[in-house]
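Thanks for coming. Please have the sequence and the model open.

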Amino acid sequence: MVYLHTNKSLLFTGEQLYYKVYALKSESNTLSTFSKMAYVELIGENGDIIFRHKIRLKNGVGQGEFFIPVTVPSGNYKLIGYTQWMKNFGLNHFYKSDIGLINPFQSDQQAIVQKIQDSISPSIKTIEHTTLKENLEPNPFFSFELSKKEFSTRERGLLVLRSLQKEVLNGSYSVSIRKIDSLGGPELSSAQSYVKKHNSQSVGKASLETPSHLPELRGELISGTITPKDPGFALEEEEVALSIPGKQFVLKLTRTNSAGDFYFNLNQEYLNSKAHVQILGENRDKYDLQINEQPSIDYGALQFNKLQISPKMTDLILKRSVHNQVENAFIELKQDTVVPISQTLPIYRTYSKIYDLDDYTRFSTVRETASEVLEHVWVLKQNDGHEVLKVRSGDYDIASNLLPLVLMDGLLIQNHSDVIDFDAKRIKRIHISREDCVVNSIIYNGIIAMETLEGSFPEEFNRDYIKVVELFAPLPTKKYFNQKYHQATRSDTDQIPDFREQLLWLPQVNLDSDSSSLEFYTSDVLGTYEVSFEGFTAQGNPISWKETFVVK
């Protein structure tokens with residue numbers, strides 16, 4: 001199952017919805033490493049998908065965020081979380097929570113306007129209902145302590161966590177500190193309440209003998225099919241390559257099955273959203289290639305919360321909207337940072353020699369560069385008249401019939417003549433490996449990987465047998481901005497308005513010892529704030545704790 005810890009359930013345009021994904025084993029509630037990808041969607045009452053995110057899971061957890069644009073109308077929405085494997089068990093197994101959204105810039109608010117003007121809608125919860133009235137169970141695993149219960153504006157605060165049992169250090173936890181919404185909103189599910197509700201529900205299981213959806217066990221799963229243009233051609237054992245160009249390029253090779261289906265498991269992070277897929281070999285022009293799209297999910301059975309507003313809330317809505325606009329005006333000074341992708345070195349990135357061509361005499365073509373600069377690399381004219389690049393694997397070995405793996409900006413090059421006379425002045429460096437390279441049982445005699453100055457070769461290179469597809473890429477991991485004020489030194493944000501209502505969002509709380517302190521700073525916005533701590537111990541115990549404080 002999947003649980004999402006979100007920062008809030010009522011949002012305005014111009015605000016961020018933050019969430020952390022917990023993928024759990026249904027039997028034990030422990031973090032699951034079964035699926036490496038999770039999916040999060042925001043669905044409107046009319047079935048529109050406001051966003052659909054793919055989240056990379058590491059040790060069962062991941063994170064994401066969505067900025068609410070002015071194009072999203074006021075209304076009632078559902079936040080959905082699931083994995084590909086969970087789709088085999090139906091919608092009842094998905095995570096679902098209500099999200100209310102107010103767009104103060106639209107003139108028509110009939111979707112959420114209150115019909116009876118002088119009464120408070122029962123769907124709108126008061127401050128007491130959204131905070132401590134939730135029946136949370138006693139917590140024997142942590143003790144929590146706020147440095148103060150009353151703060152002034154722009155004051156430093158501390159949340160001290162003390163672990164009461166050593167095994168909790170290996171769990172995963174997240175923290176949100178936000179202003180309690182005077183407008184109310186749908187109830188936020190705690191980890192405790194969600195697990196209790198999930199365990200009490202009687203939901204059927206699908207047959208695992210013939211699952212319709214494969215689990216993403218090793219990473220992101222991309223599938224496709226080849227279809228022969230001539231029915232006489234076999235579908236099985238055709239080699240297919242997927243290249244994601246760029247500095248941190250990804251190359252995957254696979255083979256088709258008897259039905260012409262093929263699968264790529266992407267266990268590497270990447271930045272480029274475009275992939276180049278091609279059938280390898282002499283028969284590459286004799287097939288049509290298609291990448292499978294994930295079928296849409298039927299959300300017709302969803303039941304939505306009914307958020308309502310009244311004219312009495314006009315001042316509250318206006319004030320919050322102004323705060324959001326001011327915060328967004330200074331967003332460049334409060335930027336989140338993208339965590340660099342992890343460096344992985346598969347076999348095709350282990351090189352024995354790297355030639356930075358600026359260190360050598362420049363020649364006009366790759367052909368001349370291979371002859372004059374690259375050791376153990378040459379151009380060979382085959383019996384059929386085609387020219388190929390060759391790499392000598394040993395000092396006296398020139399007899400191998402195998403060809404090297406040739407890459408240009410990460411794109412696999414099948415026909416070497418496409419690059420043999422390429423303008424070498426556009427090439428920044430050339431990587432050479434003289435070792436045999438085996439990628440998914442496909443053997444190459446060495447590697448020649450060229451890198452252009454602009455990195456634009458894949459965009460310029462067009463062949464009928466290469467299909468360029470837009471990937472549904474996972475969100476990058478971010479480190480979220482955390483405002484700090486220091487008395488001794490002035491920061492860039494000390495002199496600008498601070499209308500943050502979200503004081504802290506920390507999707508991964510690192511517990512290195514029995515006692516840890518989390519720092520936050522209050523803003524210029526007065527009111528009551530809530531600290532929400534959620535997560536799961538390594539043994540699967542759900543942890544939920546809430547506390548409030550006041551900024552005066």
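A definition before anything else: buried means under 20% relative accessible area, exposed means over 50%, and partly exposed is in between, with a 1.4 Å probe and protein chains only. This is a predicted model, so local features need pLDDT of at least 70, side-chain atom pairs count only at pLDDT 80 or more, and totals for chains, interfaces and linings use all residues. Residues are numbered from 1 along each chain as its sequence is written, and side-chain values use heavy atoms, with hydrogens and water left out.

I start with the core. A nonpolar core here is a set of buried Ala, Val, Leu, Ile, Met, Phe, Trp, Tyr and Cys residues joined through side-chain atoms within 4.5 Å. The largest one has 41 residues, and those with the most contacts inside it are Tyr 3, Val 21, Val 40, Phe 51, Leu 79 and Tyr 299. Two or more residues each come from strands S1 (2-6), S3 (16-23), S4 (37-44), S5 (49-56), S6 (61-67), S7 (75-82) and S8 (95-102), and from helix H2 (191-200). S4 gives the largest share, six residues. Helices (H or I, at least four residues) and strands (E, at least two) are DSSP runs, numbered from the N terminus. As background, nonpolar side chains tend to be buried together in soluble globular proteins.

What does Tyr 299 touch? Contact means heavy atoms within 4.5 Å. Not counting residues up to four places away in sequence, Tyr 299 touches Glu 41, Ile 43, Ile 80, Tyr 82, Leu 91 and Phe 94.

Next, the aromatic rings. Rings of Phe, Tyr and Trp (its six-membered ring) pair if their centres lie within 6.5 Å; planes under 30 degrees apart count as stacked, over 60 as edge-to-face and the rest as tilted. The structure holds 30 such pairs. Take Tyr 18 and Tyr 480: the ring centres are 5.0 Å apart and the planes are at 70°, so this pair is edge-to-face.

Trp 85 and Phe 89 are both buried. Ring pairs also link Tyr 3, Tyr 22, Tyr 95, Tyr 194 and Phe 536 into a cluster.

Now the charges. A salt bridge is a side-chain nitrogen of Lys or Arg within 4 Å of a carboxyl oxygen of Asp or Glu. How many are there in the whole structure? A search finds 31. One of them joins Asp 418 and Arg 463, at 2.9 Å from N to O. Asp 418 is in helix H5 (residues 417-420), while Arg 463 is in the loop between helix H6 (457-460) and strand S27 (466-470), 45 residues apart. Arg 463 is partly exposed, at 32% relative accessibility.

With Glu 454 the distance is 3.7 Å, N to O. Glu 454 lies in the loop between S26 and H6 and Arg 426 in the loop between H5 and strand S25 (427-439), so the pair ties together parts 28 residues apart in sequence. With Glu 460 the distance is 3.0 Å, N to O. Glu 460 lies in helix H6, so this pair ties together parts that are 34 residues apart in sequence. Arg 426 is partly exposed, with a relative accessible area of 21%, and so are Glu 454, at 49%, and Glu 460, at 44%. Elsewhere, Lys 8, Glu 15, Asp 181 and Arg 320 are linked in a network of salt bridges.

I finish with Ser 393, found in the loop between strand S22 (387-391) and strand S23 (405-408). Ser 393 is partly exposed, at 25% relative accessible area. Leaving aside neighbours within four places in sequence, Ser 393 is in contact with Arg 434 and Asn 445. The C-alpha atoms of Ser 393 and Arg 434 are separated by 4.7 Å, although the two residues are 41 apart along the chain.
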